Amino acid sequence: MSQETEYTPPRVWEPKESGGKFASINRPVAGPTHEKELPVGEHPFQLYSLATPNGVKAGVMFEELLALGHQGAEYDAWLINIGEGDQFGSGFVGVNPNSKIPALMDHSTDTPTRVFESGSILLYLAEKFGEFLPKAHATRTEALNWLFWQMGSAPFLGGGFGHFYSYAPVKLEYPIDRYAMETKRQLDVLNRHLAENRYLAGDEYSIADIANWAWYGQLVLGRLYDAAEFLQVHEYTHVVRWAEEIDARPAVLRGRMVNRTFGEPELQLHERHDASDFETRTEDKREA
């Protein structure tokens, strides 16, 4: 396949090996591929995740709640290795039939409650603990506007730009240009808004910031797809200011570590079962 080869779709599509980073686990059907129960720890919340941008949202939210003193937000975080197909185990599919991380079980309810989709997890926890979602009607609505903006927009950044720029087996000009254009447009949307607002809903840090920072904040901080220079992210000065402010929050640093198996060793915490894990495990890795 090359840039010059024009593809004529057949009358009926059939799956075939496409190559690329995730080709071995992609398939056109849902449901489990194997039987595997999920582990359950001692805390009310059981988080099954990986530190992708969507997974980071959940880790940051829990750590922010704990930083405010909500002991009821204690959680166990279990690693789901999506490269090895852990998300297709029967236990995980029972929590999230869509086989995507993060997924959450709340055992503090009379009947354990499953919560899937990162935006749903953020909203669920915000409402349960009364934090990071403004109370006033106008600012609450604005926070939800930007939360759902991220849900609809980031697939163009991740599954669009990120895939074709970083993961596709062949680099093709058309899709890279198409999704680079859209990614830069989205950054400009954020930049214009943040020029007049400290946070996305105004002066109050909220789940909208957590959700968007995990994608766009990390993008302008140079952590996604090695694409900072290509996209000239430094041009979005207000997004950079916002991203750096959130990045400096101690709970955000801890949340980034949860279920992380890549990058700097001192920022990896494969599983999280207690607050002391952050200190002891990072020390172990520095010694190693």
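**Before you start.** Residues are numbered from 1 along each chain as its sequence is written. In this predicted model, local features need pLDDT of at least 70 and side-chain atom pairs count only at pLDDT 80 or more, while totals for chains, interfaces and linings use all residues; side-chain values use heavy atoms, with hydrogens and water left out.

**Stop 1: the contact.** Show residues with heavy atoms within 4.5 Å across the boundary, which is what contact means here. Domain 1 contributes 26 residues and domain 2 contributes 24. About 2100 Å² is buried between domain 1 and domain 2, with 66% of it on carbon and sulfur atoms. Buried area is the accessible area (1.4 Å probe) that two parts lose on being put together, summed over both.

**Stop 2: polar links across the boundary.** Between domain 1 and domain 2 there are 9 residue pairs in polar contact, both residues at pLDDT 80 or more. A polar contact is a pair of N or O atoms within 3.5 Å; within protein, one must be able to donate a hydrogen and the other to accept it, and residues adjacent in sequence count only if both atoms are side-chain atoms.

Look next at the domain 1 side. Both α1 (53-67) and α3 (118-129) supply at least two residues of the side that touches domain 2. Helices here are DSSP runs (H or I, at least four residues), numbered from the N terminus. The most comes from α1, with 10 residues. By type, this side of domain 1 has 13 nonpolar, 7 polar and 6 charged residues. Gly counts as polar, and Asp, Glu, Lys and Arg as charged; Ala, Val, Leu, Ile, Met, Phe, Trp, Tyr, Cys and Pro are the nonpolar set.

**Stop 3: salt bridges.** The structure holds 14, and the count between domain 1 and domain 2 is 3. The criterion is a side-chain nitrogen of Lys or Arg within 4 Å of a carboxyl oxygen of Asp or Glu. Select Glu64 and Arg249: their side chains form a salt bridge at 2.8 Å, N to O. Then pick Glu63 and Arg254, whose closest N and O atoms are 3.1 Å apart in a salt bridge. Glu63 sits in helix α1 and Arg254 in helix α9 (residues 250-257), 191 residues apart.
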